[in-house]
Amino acid sequence: MKRVICFDIETTGFDYMRGDRCIEIGAVEIIDGKITDNTFHEYINPEGKIIPPDTYMVHKISNAFLEDKPKMSEIAPKFMEFIGDSPIVAHNGLDFDFPFVNHELEMLKMPTIPREQMLDSLVIARNRVFGPKSYTLDALAKWYGISLTARADAHGALIDSEILAKVYLELENTEPAPDVSEIIAKQHAAMLAHPKVGGNFPYRKFDVPAADLENHQKFMAEIQK
């Protein structure tokens, strides 16, 4: 049995080093290439960290809504038990989701997610898909014809995890892109081997017919006026 977890988080901001906190975690289970009904979803009390207006407009999660929600100390053990030792997929996860969650775990003095479990669908997409103008989760979903209706009003960790799971399965069924470096090298070598490249050509001078020269001089005189 091959088990993979796709997950996403929502946060108070982008910089955990300045105190931003995780406020929602969503995760979806894939077993043997099929999305199951086994999911993980929790809202998290940010313990006094204020959600700024611009961030609120992305996920529509307010501090008032989170007042009675459990703290990360209660959620983290449940989340780590859910993912277990399965490979974990996040979009742009190596730069954002994984470091963010691991920082939360470190503050709780809990074991962090090991690097060998991490899969970044953004990295996978860039190596397998040629065509989309962008490699955001939205762009890839549109590229594969996956509906984004569920997130029309706002981002949500579980909603985005479900979209990510569908994108990940499409990526798994996409052949890796060929290594074009060898093709380019061969083309470059062929161009340099062409007899006209780098050759010493004699300087050629062509006499201008008198009539053409006269017309050109008249044209230039008109311009100068």
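This is a predicted model: local features need pLDDT of at least 70, side-chain atom pairs count only at pLDDT 80 or more; totals for chains, interfaces and linings use all residues.
Local features were taken only at pLDDT of at least 70 and side-chain atom pairs only at pLDDT 80 or more, whereas totals for chains, interfaces and linings use all residues. Residues are numbered from 1 along each chain as its sequence is written, and side-chain values use heavy atoms, with hydrogens and water left out.

The largest pocket has a volume of about 570 Å³. A pocket is here an open set of points, on a 1 Å grid over the protein atoms alone, where a 1.4 Å probe fits, with protein on both sides within 12 Å along at least five of seven lines. Grid points are joined across faces, edges and corners, and the volume is the space filled by probe spheres set on the points. The lining of the largest pocket comprises 22 residues, lining residues being those with an atom within 4 Å of a point. Asp 8, Glu 10, Phe 14, Phe 96 and His 155 lie nearest the pocket centre. Two or more lining residues come from each of β1 (3-11), α1 (53-59) and α6 (137-143); helices (H or I, at least four residues) and strands (E, at least two) are DSSP runs, numbered from the N terminus. By class, the lining holds seven nonpolar, eight polar and seven charged residues (nonpolar: Ala, Val, Leu, Ile, Met, Phe, Trp, Tyr, Cys and Pro; charged: Asp, Glu, Lys and Arg; polar: the others, Gly among them).

Thr 55 is found in helix α1. This residue counts as buried because its relative accessibility is 13% (buried, under 20% relative accessible area; exposed, over 50%; partly exposed, in between; 1.4 Å probe, protein chains only). Leaving aside neighbours within four places in sequence, Thr 55 is in contact (heavy atoms within 4.5 Å) with Thr 11, Thr 12 and Gly 13.

Helices α5 (residues 121-128) and α7 (residues 157-172) pack at an angle of about 35°, with their axes 10 Å apart. Axes are lines fitted to C-alpha atoms over the stretch in contact, and angles run from 0 to 180 degrees between N-to-C directions. Ser 121, Ile 124, Ala 125 and Arg 128 of α5 meet Leu 164, Tyr 168, Leu 171 and Glu 172 of α7. This contact has five nonpolar, one polar and two charged residues.

Most residues other than glycine have a negative phi. Glu 47, in the loop between β3 (34-43) and α1, has a positive phi near 55°. At 41% relative accessibility, Glu 47 is partly exposed. Asn 92, in the loop between β4 (88-90) and α4 (97-107), likewise has a positive phi, of about 60°. Asn 92 is partly exposed, at 28% relative accessibility.
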